[in-house]
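Biologist: I would like to learn how to read aromatic side chains in a model. Could we go through them together, step by step?

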Amino acid sequence: MKPPVARPTNTVSSDPDATRTPRAFAANAAAVVEPAFDPSEDEALVAPPPRRMGGLAKLAWTTGGILVSAGLGLAAERLVSDLFAANQWLGWAGIAVLALFVLAVLALAAREMFALRRLRVLDALKRDAAHATAENDLDRARHVTDSLLTIYVARPDLARPRQQVAENREHVFDGHDLVALNERSLMAPLDARAKALTAASARRVALVTAVSPRALVDVAFVIYESIRLAGAIARLYGARPGLLGFWRLAGAVLGHLAVTGGLVLTDGLIEQLVGQGLAAKLSARLGEGVVNGLMTVRVGIAAMRVVRPLPFETQKQPMVRDFIPELTRLASDPG
């Protein structure tokens, strides 16, 4: 009787492709993907509108303003009286200076009111354009077109785009197509210039960060450049923010950044952005310059999305990754 022999039930294949070895993505195959921000997809992503001032707050500001105005008026009256008591010519000179001061204050107040109104007009145009596109409303699209042509009537750099819109608007019979015509003709050149302003600002921030000796200097310059960039982009799209208008614009930009999410930059993300080989050669100051430059880019993008009078429909929305190659070239060749 033969002894029992164990035989395998399944045979091992000699084909090397039969067994798959673990695989991983190569470092140069990784890509930074930034999702596009579309608030229409989820209403929860839209920042709530600022709350209106309550009755008690209005009463406090009104009474406070009356008291301050009365105090300033009495102080001016005492000053003029003292000047007249000292010399009659000094009194008349004081009255003339006071009149010029009042006129200047009224002019500044009128300019601030106009700046706030222009920001509200741009916001209303964006809403009307979005409704005209969604509902294919030709009448509303024509109203948006007329408003845009009026806003940019004194802009010589937009003379040819205005002519293109004026010549083709009568041949467009869909609201969606008319808004798209405005965006391709009027917004495209402004978008290109806004991107150039953002890239130049990011480069300046990166260079100053790389050579500045103090971190406080970095922070101060980033804040200054962000304020300067937001104001330049606002003026580019037709807004004229004064002091109050700029505070409103700054609040809208910060609100947009809060809604779209902050950009958390770490050493690992820097390696993903500029490549592992380059990140290993970068100094710490150049890495900080890239980080601050990207933060400035986000401010510029937020300002574009806030101030732009038309929503992004036919034109590509600006993304942070669009500016990464230029910053990395600057980091690799600072000279």
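Biologist: Is Trp92 buried, partly exposed or exposed?

Modeller: Buried means under 20% relative accessible area, exposed over 50%, and partly exposed in between, with a 1.4 Å probe and protein chains only. Trp92 has a relative accessible area of 48%, so Trp92 is partly exposed, and Phe84 is partly exposed as well, at 31%. This is a predicted model, where local features need pLDDT of at least 70, side-chain atom pairs count only at pLDDT 80 or more, and totals for chains, interfaces and linings use all residues. Residues are numbered from 1 along each chain as its sequence is written, and side-chain values use heavy atoms, leaving out hydrogens and water.

Biologist: How many aromatic pairs are there?

Modeller: A pair of aromatic rings is described by the distance of the centres and the angle of the planes. Rings of Phe, Tyr and Trp (its six-membered ring) pair if their centres lie within 6.5 Å, and planes under 30 degrees apart count as stacked, over 60 as edge-to-face and the rest as tilted. By this rule there are two aromatic pairs. The ring centres of Phe84 and Trp92 are 5.6 Å apart with planes at 80°, so this pair is edge-to-face. For Phe221 and Tyr224, the centres lie 6.2 Å apart and the planes meet at 45°, so that pair is tilted.

Biologist: Where in the chain do Phe221 and Tyr224 sit?

Modeller: Helices are DSSP runs (H or I, at least four residues), numbered from the N terminus. Phe221 and Tyr224 are three residues apart in helix α6 (residues 215-236), so about one helical turn separates them. Tyr224 is partly exposed, with a relative accessible area of 47%.

Methods: Helices (H or I, at least four residues) and strands (E, at least two) are DSSP runs, numbered from the N terminus.
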